[in-house]
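Here is a friendly walk through a two-chain model, written for someone who likes cut-offs spelled out. Please keep the viewer open while you read.

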Amino acid sequence: MKRDHPIRWSNLYLLLVFIVLYLPIIYLIIYSFNAGDTMDRITGFSWRHYLTLFADTRMISIVLNTVIIAVLSALLATIIGTFGALGIDQLKKRSLQNGILSLNNVLMVSPDVIIGASFLIFFTFLGVKLGFGSVLLSHIAFSVPIVVLMVLPKIKDMSQTMIDAAYDLGATKWQTLTRVILPAITPGIFAGYFMAFTYSLDDFAVTFFVTGNGFSTLSVEIYSRARQGIDLEVNALSTLMFLVSLLLVGGYYLLNRYNEKKKIHRAKASQEVDDA
Amino acid sequence: MAGNVIEFRHISKSYDETQVLKQIDFEIEAGKFYTLLGPSGCGKTTILRMIAGFLQPTAGDILFEGQRVNDLPANRRQVNTVFQDYALFPHLNVAQNVAFGLEIKKVAKGQIAQKVEEALRLVQLSGYGNREISELSGGQKQRVAIARAIANEPKVLLLDEPLSALDHKLRKEMQSELRSLQRRLGITFIFVTHDQEEALAMSDQIFVMNAGKILQSGTPVDIYDEPINHFVADFIGESNIIPGKMKADYVVSFDGHEFDCVDAGMKQNEPVEVVIRPEDLDITAANTGQVNVTVDTQLFRGVDYQITAHDVNDNEWKINSIHKTTVGQLVGLAFDPEDIHVMRYGEDEATFDARLERYE
C-alpha cells in the first residue's frame, strides 16, 4: 500500500466522472419521492407517485409490452444472427465474406431514424398493420447485426481441428453443430442475446416510426408524456427500473464470483488428488 | 496377419496448379506401427487426412480392408485421429471427451463408463475423469486425446505429429509409451512426423517422403543403413556423402582411392554417391587408417564428441567419436567395407530393392 499521496488523481477523476454520470439519475430518483407535482422544489416525502404508477394499468401494460418485445426480439435475433454468423464463416471466398460482413456493419452504423423511416415505408407498402408485429419485426431486424458481430469472433476463435475431431469421432453435421460448435460459442451467443435485449429495451427512434395507434413501448410512451410536461409518475417508474437493472448487474456479479470460487475449489481438490 | 488394412493406389492430389501428392502407392498391414516421415510440406499430413476422410484424392483409389472408400465421409470410417493440437472439446471434462465417440455411436451407458475407464487406464490417467481440460498439462491433454481416439476401438489410429508440442523429456517418454500402447492394443498406428529420431525409435515401417513422393519405405534399420538417395541419407541421421565412381562390383573409388565395399549391380565407372555414417568412423593415428584428415572443430555433446575434419581433396568429414582429439591435428580415419554404402543417382525404389535382392 502506497500512502505517499493523500489524493490519487486518477481516483479523483474516476469519482468525478461517475458523479457526472449518475447525478441526473439520482436527481430523478429523489424527485420521485416528492410530495409536490413538479421538480422545482421538494415539498415533502410521499409515495403517491408510486401509487399512481401502480394504479396506471396503461403504463403497466406498456412496461410488459416493452419487456415482451425485448425478450422475443432478442431471442429470435439471436437464433437468426447465430446461424447467420455460422453461414458467413462457412463462406469459402474471403471477398464474399467481407462483403456480407460490411453489409451487416452498415446496418449497425446507419442512423436509427433512417432505419425507422424505411421500415415505416416498407410496412405501409406491404400493408402490414402497425402494432406489436411491426415493432417486433423491426427490433429483430436491427438486433441481428449486433448478434452477428458478437458471435462471429467466437466462431473464428474456435479451432478447426476441433470440428474435424468431432467428425472423426463419428458425429454427423448436426451432432457436430449441437454438441461441439454451439457449446464452444455459447459465451458469444449469450453476449449477443443480452446486447440485443438492451438495444430493444432502449430503442426509441425505430420504434417511434412503427408503433402505430394503440401499441406503445416505454420509451415512446415516456416521450409522448414528457411533451405534455413531466409527470413525476415517470420518475417513479425510472426509479424502479433503475433498481431492477442494479439488481440484475449485482446478481450477475455474484453469480460470476460463485462460479469462480467453485472453480478454484475444484482446482484445489484435484491438486490434492495429485499430491496423494 | 489379416493382410492390408489400407491401400493407396496411384493416389494424386492437386490444389489448383500445385500437385501435393504424385502417384502415391503403398500398403499398410494390420497391427503394425507405420511412420510417414518427411520435411514440412512434403504431403505426409495430406496422406493422413485422406485416410481419415477429410480430403479426397484428385486421382486414384483408397482401399480400406479391400473396399474402395474414396467417397466414405470421415464420420463413417473406422479410423480415428490424434490431432497435433489435441483438439479436445473445452466444454467437456476428461471423461466426457473420451466418451464423445461412444455416445455418438449410442453405446449403452454402463458400457461407455467401462470403456472410458479402460481407455484412461491405458494412457495412465485413471482417476482424471472429472478434471476439466483447462486443468491439464500438455502431456496430459495429449494422453486424453489418445484415450479419446482409442476408446472407439478404431482399426487404424492416425497420429498427426502428436508429440511436437511436448518438451524433450516428455516426448521421449511418450514415444516409448505410444510404442508399447500400440503393441498392447494391436491396432495399426500411422504416425506422421518430421523428426527422424522419433521415426527410427518407434516404427515397424517408415515411409520417407519428400515433395509429394514416397522416396523409400522399409524398416528403420533398412532405411538407416541403406538409404536410397542423397535426400534420405541426409534426412535420416547424420552422414558423410562423398561423390565417387563404381569401379567394379564390390569396389568403389572415392577421395582418390579405391575401397572394398559390399554393394554391387551397377555399371562400371558409374558415378555414385558414397555414404559413411559419422559413428562408423574410428579415429586412428595418421597414416594408419584409410583416409587422413585434419580436424577442424570439436564439439562435446555428452555421449560423444562431434568432430568435423577435411581431407586433402577438401571433402568435409563428420565424425562422432567417444575419444577426444585436438583441433588442427592430422588423424587417420578407419572404416570397414560394411560401413560404406553406395547410392546411385536417380534410382527409384523398385530398382533399388531389386538390385539389393540380387546380391544380398
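In chain B, 65% of the contacts with a separation of 6 or more join residues 24 or more positions apart; two residues are in contact if their C-beta atoms, placed from the backbone, lie within 7 Å. Everything here comes from a predicted model, in which local features need pLDDT of at least 70, side-chain atom pairs count only at pLDDT 80 or more, and totals for chains, interfaces and linings use all residues. Residues are numbered from 1 along each chain as its sequence is written, while chains are lettered from A and ligands numbered from 1 in the order in which they are written.

**Chain B as a whole**

Chain B has nine helices and 20 strands, where helices (H or I, at least four residues) and strands (E, at least two) are DSSP runs numbered from the N terminus. Its C-alpha trace spans about 75 × 45 × 40 Å along the principal axes. Of the 360 residues in chain B, 39% are buried; a residue is buried if 20 or more other C-beta atoms lie within 10 Å of its own, exposed if 12 or fewer, and partly exposed in between, with C-beta atoms placed from the backbone.

Both chains are divided into domains, with bounds from an automatic or database domain assignment. For chain B these are domain 1 (4-225), domain 2 (238-278 + 336-360) and domain 3 (282-334). The C-alpha centres of domain 1 and domain 3 of chain B are 42 Å apart. Chain A has domain 1 (1-55) and domain 2 (56-231), and their C-alpha centres are separated by 33 Å.

**Where the chains meet**

How many residues of chain B are in contact with chain A? There are 20, and they meet 18 residues of chain A. Strand S6 (79-82) and helix H2 (94-104) of chain B each supply at least two residues of this side, and H2(B) gives the largest share, three residues. By class, this side of chain B has nine nonpolar, seven polar and four charged residues; Ala, Val, Leu, Ile, Met, Phe, Trp, Tyr, Cys and Pro count as nonpolar, Asp, Glu, Lys and Arg as charged, and the others, Gly among them, as polar.

H2(B) is also mostly covered, with eight of its eleven residues buried. Val94(B), Phe100(B) and Leu102(B) are among them. The cover includes helix H3 (109-122) and helix H4 (138-150) of chain B. After H2(B) comes Lys106(B), with a positive phi near 60°.

**The helices of chain A**

In H3(A), the buried residues include Ile62(A), Thr66(A), Ile69(A) and Ser73(A). An α-helix has 3.6 residues a turn, so residues three or four places apart point the same way.

The unreviewed UniProt entry annotates "transmembrane region" at several stretches of chain A, including 106-126 and 132-152; UniProt positions are given in the numbering used here, feature names are shortened, and annotations may be inferred rather than shown by experiment. Residues 106-126 of chain A are 90% helix and 0% strand, with end C-alpha atoms 24 Å apart. Residues 132-152 of chain A are 100% helix and 0% strand, and the end C-alpha atoms lie 30 Å apart.
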